[in-house]
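This report covers the ligand surroundings, pockets and cavities of one protein model. The sequence and structure come before the details.

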Amino acid sequence: MTRAAVLGAGSWGTAFALVLADAGATVGLWARRRALAETMTTLRENPDYLPGIRLPAAVSPTAEVEAALAGTHYVFLAVPAQELRSHLTRWAPLVPADAVLVSLAKGVELHSGKRMSEVIGEAAGIGPERVAVVTGPNLAREVAERQPAASVVASVDADVVRRLQRACHSPAFRPYTNTDVVGCELAGAAKNVIALAVGVAVGLGFGDNTRASLITRGLAEVTRLGVALGADPHTFAGLAGLGDVVATCSSPLSRNRQLGTALGEGRTVAEARAGSRQVAEGVRTCAAILELAGRHRVDMPVAQHVTQVVRGELSPSELIASLVSRSAKPERHGW
Ligand SMILES: NC(=O)C1=CN([C@@H]2O[C@H](COP(=O)(O)OP(=O)(O)OC[C@H]3O[C@@H](n4cnc5c(N)ncnc54)[C@H](O)[C@@H]3O)[C@@H](O)[C@H]2O)C=CC1
Ligand SMILES: O=C(CO)COP(=O)(O)O
């Protein structure tokens with residue numbers, strides 16, 4: 001029987017533990033807060049992140065990372081992107097030697113510009129054949145409610161990715177394989193930035209033309225960055241790219257879209273974050289993506305404007321006006 005560890009019991013870690021259990025695995029679900037692990041054990045529910053969703057018997061919540069990792073075949077990492085390196089550096093000695101490490105996070109590390117799979121390789125001291133990624137249009141609440149969804153499992157190792165696909169193919173969750181790890185990860189990280197921009201437009205009262213324009217041009221710029229980094233441009237038209245941008249930018253459940261909407265309505269980032277314990281990865285990833293784009297000389301106007309708004313250097317209405325009034329261009333110049 002497949003044994004999996006999910007490290008991070010926020011919305012997505014908890015929802016993914018359910019996917020794995022539904023697919024037949026036994027799952028150790030590690031929570032940072034002991035009180036939450038105890039509550040989940042007694043209540044069989046994660047009231048902080050997924051209230052009303054029952055945890056199956058195959059999911060064992062714990063605050064002891066050793067217990068979650070013992071004998072596991074897969075380690076699913078579901079902590080926020082900027083926290084992954086420090087946590088995994090501490091956990092690495094406890095990870096079984098043949099386990100595959102899988103990123104569930106959608107972000108790029110600030111300053112290093114590293115993707116999560118790169119951070120995992122460095123922090124755990126392992127090669128890319130033991131690292132994988134799951135990414136796609138997967139709002140945690142809907143996945144936890146067993147609403148049908150597809151996703152992408154990506155690794156450079158075709159055998160690893162096929163095994164991982166089997167391990168998380170449940171009656172409601174359909175994973176497709178992809179070996180373009182760079183494209184899948186960049187797409188997942190960048191869609192949070194696009195969702196912030198769309199949220200801003202929603203907060204300002206704009207409708208579907210603005211939303212569709214931001215989605216399409218946002219995807220065009222992340223595709224340009226992906227190609228500069230060696231990704232397959234087709235990946236951005238798949239579940240990890242178009243699929244996730246459509247889901248996130250359409251859904252009131254998206255924390256990134258919610259935060260962007262609050263900014264568009266006139267609140268500051270600090271005000272928008274107050275009162276929510278959930279992470280909106282785009283707030284920090286926008287600057288990381290912009291750094292990466294600068295290094296590779298890729299023009300990313302949506303990411304650049306979102307970063308300026310997050311830093312308080314540009315108002316939400318200036319973001320939209322400035323994007324519209326940029327010098328006119330052909331729709332495609334290269335990728
Ligand atoms: N929620 C969703 O629908 C989806 C989320 N993701 C990604 O999954 C990753 C995790 O996000 P969620 O589970 O949604 O988180 P969440 O927003 O539901 O909750 C925050 C989680 O981060 C943990 N956390 C906060 N600060 C931390 C720190 N300093 N060290 C360690 N852990 C810390 C909290 O304990 C909690 O587990 C993110 O990269 C997110 O983009 C990916 C797909 C879907
Ligand atoms: O990644 C997600 C859906 O695929 C979740 O988006 P948010 O982090 O914006 O809620």
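Ligand 1 has 23 residues around it, and Ser11, Trp12, Ala140, Val279 and Glu281 come nearest; a residue counts as near a molecule if one of its heavy atoms lies within 4 Å of it. The model is a predicted one, in which local features need pLDDT of at least 70 and side-chain atom pairs count only at pLDDT 80 or more, while totals for chains, interfaces and linings use all residues. Residues are numbered from 1 along each chain as its sequence is written, chains are lettered from A and ligands numbered from 1 in the order in which they are written, and side-chain values use heavy atoms, with hydrogens and water left out.

**Ligand contacts**

The table lists polar contacts of the two ligands, a polar contact being a pair of N or O atoms within 3.5 Å (within protein, one must be able to donate a hydrogen and the other to accept it, and residues adjacent in sequence count only if both atoms are side-chain atoms).

| Residue and atom | Ligand atom | Distance |
|---|---|---|
| Gly10, backbone N or O | ligand 1, oxygen | 3.0 Å |
| Glu83, polar side-chain atom | ligand 1, nitrogen | 3.3 Å |
| Lys106, backbone N or O | ligand 1, oxygen | 3.0 Å |
| Lys106, side-chain N or O | ligand 2, oxygen | 2.8 Å |
| Lys191, polar side-chain atom | ligand 2, oxygen | 2.7 Å |
| Arg255, polar side-chain atom | ligand 2, oxygen | 2.5 Å |

The residues around ligand 2 include Lys106, Lys191 and Arg255, along with Asp244, Thr248 and Asn256.

**Pockets**

On a 1 Å grid over the protein atoms alone, a pocket is an open set of points with protein on both sides within 12 Å along at least five of seven lines, a cavity is a set where a 1.4 Å probe fits but cannot get out, and lining residues have an atom within 4 Å of a point. Points are joined across faces, edges and corners, and a volume is the space filled by probe spheres set on them.

The largest pocket has a volume of about 1400 Å³. Its lining has 50 residues, with Ser11, Arg255, Gln278, Val279 and Ala280 nearest its centre. Two or more lining residues come from each of α1 (11–22), α6 (140–144), α8, α10 (239–250), α11 (255–264) and α12 (269–273); α11 gives the most, with five. Helices (H or I, at least four residues) and strands (E, at least two) are DSSP runs, numbered from the N terminus. By class, this lining has 21 nonpolar, 15 polar and 14 charged residues, where Ala, Val, Leu, Ile, Met, Phe, Trp, Tyr, Cys and Pro count as nonpolar, Asp, Glu, Lys and Arg as charged, and the others, Gly among them, as polar. Domain 1 (3–179) and domain 2 (182–324) each supply at least three residues of the lining of the largest pocket; the bounds come from an automatic or database domain assignment.

The second largest pocket holds about 460 Å³. Of its 20 lining residues, Ser213, Arg217, Leu323, Val324 and Arg326 are closest to its centre. The largest share of this lining, seven residues, comes from α9.

**Cavities**

The count is three cavities of 30 Å³ or more. The largest cavity has about 60 Å³ of space, and Lys106 is one of its lining residues. In this lining, α8 gives the most, with three residues.
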